[in-house]
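Colleague: I'd like to learn how to read aromatic pairs and single residues in a model. Could you walk me through it?
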Amino acid sequence: MGNKPAFYSISQVAEMTGLTTQLIRKWEQRYRLIQPERMPNGYRVYTQHDVDLLQKVSKLVQNGFSVKNAVLSVQNQHSHLRALESHPEYQQTSETLVSDRGMDVSKIQQLLALGERADSSGLIETMQRMQQELGIRPFLYEIVVPFLQKVGTFWEEGVWSEYQEHIASGVTRDVLIQMRRTLRTPESGPLLLAACVPYERHEIPLHMLMIEAALEGWRSVFLGPSPAEGAIETSIVELQPVRVALSMSTLEPVHIHPTLIDELSQFAAKHANTTFFFGGRGAQAYFSTHSAHPFYLVQNLRDVLRTPNFF
């Protein structure tokens, strides 16, 4: 201990904790986790206690805690933290992340570090390498899904800027689109039409669904984010798909166009040869107070392919 400095610079703390200097400042400013002293020249200096706090919060975040809850846990002293770590909910969260879901925390952290720097080239290269190493489905559900969940959490809690979130999500979308283009499906395969509803722009779940569809021998057509009103109906009439997967992750579409779902329902009821599915958090919220008929409401868009052809 005698050879260790009493204070550390932020770059030294970043090296010791594995956190970026930007993230350290975010946790300091937003959550008041640490309160470094300032030297006469204005530079921050950190104590070993600061380093310990950062490392403990980082560990909890890696095991599934939000930054806010991790900070609160650490600030409630060591005794409370030990009790928390022994709690079944904590153990279940940790096991789920690392074992049950097979998620590789180190790979997620690698992507998050690239996303934090808004390194789009690095993200593309790393994601493509991971996909080749792991295979398509493990990459989708052990890497992409937990990575995007972390990105969303970081943005919601103000750890990441909108620009960082946009780069991470945009690169992920582009990688998924490229993956789908490399998959060949038989020309005679059944046709799936995938679409965000008008005014809905969260398209990544649908790209994952179309990759799954290709692996199962389905052809698919995607209308893009926020298609024009009437585009879904026109495409169905023209293409005659076997199944239609509609996604609505927020309630904004029905706030903008209150009769949107009613109009789609009336259209779907007239096309008995096509099976219609609805997914997304917005859809779940909307249909909790409205009849889902004639749509089949799914918790997971992958269920669009798992559901039999008869009901």
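Modeller: Happy to! Rings of Phe, Tyr and Trp count as a pair if their centres lie within 6.5 Å; planes under 30 degrees apart are called stacked, over 60 edge-to-face, and the rest tilted. This is a predicted model, and it holds 7 aromatic pairs.

Colleague: What do the rings of Phe 277 and Tyr 296 form?

Modeller: A tilted pair, because their planes stand at 40°. The ring centres are 6.0 Å apart. Phe 277 sits in strand β6 (residues 275-279) and Tyr 296 in strand β7 (residues 296-297), so the pair links distant parts of the chain, 19 residues apart.

Colleague: Are those two residues buried or exposed?

Modeller: Under 20% relative accessible area means buried, over 50% exposed, and in between partly exposed. Phe 277, at 1%, is therefore buried, while Tyr 296, at 34%, is partly exposed.

Colleague: And how do the rings of Phe 278 and Phe 295 sit?

Modeller: That pair is edge-to-face, because the planes are at 90°, with the centres 5.0 Å apart. Phe 278 belongs to strand β6, and Phe 295 to the loop between α15 (281-287) and β7, so parts 17 residues apart in sequence are tied together. Phe 278 and Phe 295 are both buried.

Colleague: Which residues form one aromatic cluster?

Modeller: Phe 276, Phe 278, Tyr 286, Phe 287 and Phe 295.

Colleague: What does Glu 216 touch?

Modeller: A contact means heavy atoms within 4.5 Å. Leaving aside residues up to four places away in sequence, Glu 216 touches Arg 137 and Leu 305. The side chains of Glu 216 and Arg 137 are also joined by a polar contact of 2.9 Å. As for Thr 185, 31 residues from Glu 216 along the chain, the two C-alpha atoms are separated by 8.5 Å.

Colleague: Now the overall view. How many helices and strands are there?

Modeller: The protein has 16 helices and 7 strands. Of its 311 residues, 47% count as buried. Among contacts with a separation of 6 or more, 71% come from residues 24 or more positions apart.

Methods: Residues numbered from 1 in each chain as written. Predicted model: local features only at pLDDT ≥ 70, side-chain atom pairs only at ≥ 80, totals over all residues. Heavy atoms only, no water. Polar contact = N/O pair within 3.5 Å; in protein donor to acceptor, adjacent residues only side chain to side chain. Helix = DSSP H or I, 4+ residues; strand = E, 2+ residues; numbered from the N terminus. Buried < 20%, exposed > 50% of the residue type's maximum accessible area, 1.4 Å probe, protein only.
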